[in-house]
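Biologist: I have a structure open and would like to go through it with you. Can you put it up?

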Amino acid sequence: RDAARSTRLLLDAAVRRFADAGYGTTTLRDIADDAGVNVALIGRYFDSKEGLFEACLVAASDEFRRTAGVVPGDRIPDLIAAQAAGLSTREHPSSILLLLRSSGDERAEQIRVGVLGGFAERLAATAGWRPDHPDGDQMLLRAQLVLATIIGTMLLRPSLRIEPLLSATADDLTGPLRDMVNALLSPEH
């Protein structure tokens, strides 16, 4: 009866299942059971397993954008560094794993790569990137390196368990991450 609530329950259950078990082994029945709803609602709200997977990827990407909000370009490195430092203290967030896990399904993989690529393009655009610029590929590469470093920090910090990385506070991490972001995305490069 509450479409918004059912949709949210399905998305939450699907993100967890897809991140933990992968696309190929996750069934729509598993997701519906986890969400406590009828499996037919997946078809109604998302059309298919592929549609639900795409919605999960978009939601994961939107989570990053939502926490960023609208900030001036010169504040982007600080925001990214603070976000990476703060997120890296959580135990492997499902949405990050979902963005990184290969699905084994060609269409789902295209969706996943498209979401990550779009995020890197938005990051590059904050540094003045334009696809038609002669140095466009170099700036996009730099944005992709920033993205890879930030995701690596978020995922590896809790699992590496080495000092001083493990016990570093968000304040401790923000400075070095900001330096890295500035070095890679500054307009002079």
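Biologist: Does arginine 8 count as buried, partly exposed or exposed, and at what relative accessibility?

Modeller: Arginine 8 counts as partly exposed because its relative accessibility is 41%. Buried means under 20% relative accessible area, exposed over 50%, and partly exposed in between, with a 1.4 Å probe and protein chains only.

Biologist: Before we go on, what kind of model is this?

Modeller: This is a predicted model, where local features need pLDDT of at least 70, side-chain atom pairs count only at pLDDT 80 or more, and totals for chains, interfaces and linings use all residues. Residues are numbered from 1 along each chain as its sequence is written, and side-chain values use heavy atoms, with hydrogens and water left out.

Biologist: Back to arginine 8. Which residue forms a salt bridge with arginine 8?

Modeller: Aspartate 12 does, with the closest N and O atoms 2.8 Å apart. A salt bridge here is a side-chain nitrogen of Lys or Arg within 4 Å of a carboxyl oxygen of Asp or Glu. Both residues lie in helix 1 (residues 3-21), four residues apart, about one turn of the helix. Aspartate 12 has a relative accessible area of 31%, so it is partly exposed.

Biologist: How many salt bridges are there by this rule?

Modeller: The count comes to four. One of them joins aspartate 34 to arginine 17, at 2.6 Å between the closest N and O atoms. That pair links distant parts of the chain, with aspartate 34 in helix 2 (residues 28-35) and arginine 17 in helix 1, 17 residues apart. Arg17, Asp30 and Asp34 are linked in a network of salt bridges.

Biologist: And what about aspartate 132 and arginine 130?

Modeller: Their side chains also meet in a salt bridge, 3.5 Å from N to O. Aspartate 132 is exposed because its relative accessible area is 64%.

Biologist: New topic. How many helices and strands does the protein chain have?

Modeller: It has nine helices and zero strands. Helices (H or I, at least four residues) and strands (E, at least two) are DSSP runs, numbered from the N terminus.

Biologist: What about the inside? Which residues touch the most other members of the largest nonpolar core?

Modeller: Phe18 and Leu52 do, in a core of 50 residues. Helix 8 (residues 136-160) gives the largest share of this core, nine residues. A nonpolar core is a set of buried Ala, Val, Leu, Ile, Met, Phe, Trp, Tyr and Cys residues joined through side-chain atoms within 4.5 Å.

Biologist: What is leucine 52 in contact with?

Modeller: Leaving aside neighbours within four places in sequence, its contacts include Leu10, Phe18, Ile31 and Phe46. Contact means heavy atoms within 4.5 Å.

Biologist: Is threonine 153 buried or exposed?

Modeller: Threonine 153 is in helix 8, and it is buried because its relative accessible area is 15%.

Biologist: Last one. Where is serine 186, and what does it touch?

Modeller: Serine 186 is in the segment after helix 9 (170-185). Not counting residues up to four places away in sequence, serine 186 touches Met139 and Val181. At 13% relative accessibility, serine 186 counts as buried.
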